[in-house]
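Subject: Structure handover

Hello,

Here is the structure for you to look over. My notes on what was found follow below it.

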Amino acid sequence: MSDERIPIGHGLSIDPDTLSEVFIRASGPGGQNVNKVATAVQLRFDLLASELPEAVQARALRLAGQRGTKDGEILIEANRFRTQERNRADARERLVDLLTKAAEPPPPPRKKTRPTKGSVERRLKAKAGRSTVKRMRGRIGDD
C-alpha cells in the first residue's frame with residue numbers, strides 16, 4: 001500500500017494502514033473468467049483504529065448501516081467491474097464518499113415558527129367558505 005494518506009474532505013484524511021483488501025470471486029455473468037479470477041474486492045476499514053473524531057466515527061457507522069460491523073469496521077464489497085484495479089478504486093471511492101458525508105457537520109436545529117395572523121385568518125375564511133358551500137348541498141329544510 002502507498003504511504004500517502006487518503007483525503008476525505010473537511011481537513012480530514014485516513015491512513016491506508018487502516019484499510020485491508022481481500023480479493024474474492026465475483027458472482028454473475030462473465031463466463032469462465034468469473035470462475036477463474038478473483039476480481040471482486042472486500043474492503044475493510046477499521047473505523048475505531050482511525051484518527052477520525054468520535055462524532056465522525058459515530059455518524060459513519062450509522063450511515064454505513066448493514067455494512068458496519070460490531071467490531072467497528074466498515075465492509076464494502078465492489079464487484080461492478082471486470083478488473084481488480086477498477087473494483088479496488090470503486091470500493092475506495094465509495095468509502096471516501098461515505099466518510100465525506102459523515103464528516104459534514106450536522107445541520108443546525110430547526111427554529112420553530114408560527115404562522116402569521118393574516119395567514120391564519122385567510123385559512124379560517126377559506127374553511128368557512130367551503131363549509132358554507134357543502135352545507136348548501138344538503139337537504140332543504142321545511143322552514
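Lys 112 is exposed, with a relative accessible area of 79%. Exposed means over 50% relative accessible area, buried means under 20%, and partly exposed is in between, with a 1.4 Å probe and protein chains only. Lys 112 sits in the loop between α3 and α4. Helices (H or I, at least four residues) and strands (E, at least two) are DSSP runs, numbered from the N terminus.

Some ground rules. This is a predicted model, in which local features need pLDDT of at least 70, side-chain atom pairs count only at pLDDT 80 or more, and totals for chains, interfaces and linings use all residues. Residues are numbered from 1 along each chain as its sequence is written, and side-chain values use heavy atoms, leaving out hydrogens and water.

**Confidence**

pLDDT is the predictor's confidence in each residue, from 0 to 100. Its mean over the protein is 84. A pLDDT of 70 or more is reached by 92% of the residues. Helix α4 (residues 117-136) has the highest confidence, at a mean of 95. Helix α1 (residues 32-36) has the lowest, at 68.

Lys 36 lies in helix α1. Lys 36 is exposed, at 60% relative accessible area.

Three strands form an open sheet, in the order β3-β4-β5, with antiparallel pairing. Two strands pair if DSSP finds at least two bridges between them. β3 and β5 are the edge strands, and each pairs on one side only. From one strand to the next, the twist averages 20 degrees. Axes are lines fitted to C-alpha atoms, for helices over the stretch in contact, and angles run from 0 to 180 degrees between N-to-C directions.

Helix α3 packs on this sheet and touches β3, β4 and β5. Its direction makes about 140 degrees with that of β5.

Now strand β4 (residues 40-46). Five of its seven residues are buried, so β4 is largely enclosed by the rest of the structure. Six bridges pair β4 with strand β3 (residues 19-24). Six bridges also join β4 to strand β5 (residues 73-78). Phe 45 in β4 stands opposite Leu 19. In β5, Phe 45 has Ile 74 as its bridge partner. Asp 46 is partnered by Glu 73 in β5.

**The hairpin**

β1 and β2 pair antiparallel over three bridges. Pro 7 stands opposite Ser 13 in β2. The hairpin has two residues between its strands, and His 10 takes a positive phi near 60 degrees there.

**The core**

A nonpolar core is a set of buried Ala, Val, Leu, Ile, Met, Phe, Trp, Tyr and Cys residues joined through side-chain atoms within 4.5 Å. The largest one has 22 residues. Ile 14, Phe 45, Leu 47, Leu 52, Ile 74, Leu 95 and Leu 99 touch the most other members. The elements giving two or more residues to this core are β1 (6-9), β4, α2 (54-64), β5 and α3 (84-103). α3 gives the largest share, seven residues.

What does Ile 14 contact, leaving aside its neighbours within four places in sequence? The contacts are Arg 5, Ile 6, Ile 8, Phe 45, Leu 52, Leu 95 and Leu 99. Contact means heavy atoms within 4.5 Å.

α3 has 20 residues and reaches 28 Å from its first C-alpha to its last. That is close to the 28 Å expected at 1.5 Å a residue. The expected span is 1.5 Å times one less than the number of residues. Buried residues in α3 include Asn 87, Asp 90, Leu 95, Val 96 and Leu 99. Among the elements covering the buried residues of α3 are β1, β2 (12-14), β3, β4, α2 and β5.

Gln 57 is found in helix α2. Gln 57 counts as buried because its relative accessibility is 12%. Apart from neighbours within four places in sequence, Gln 57 contacts Leu 47, Leu 48, Ser 50 and Leu 52.

Best wishes
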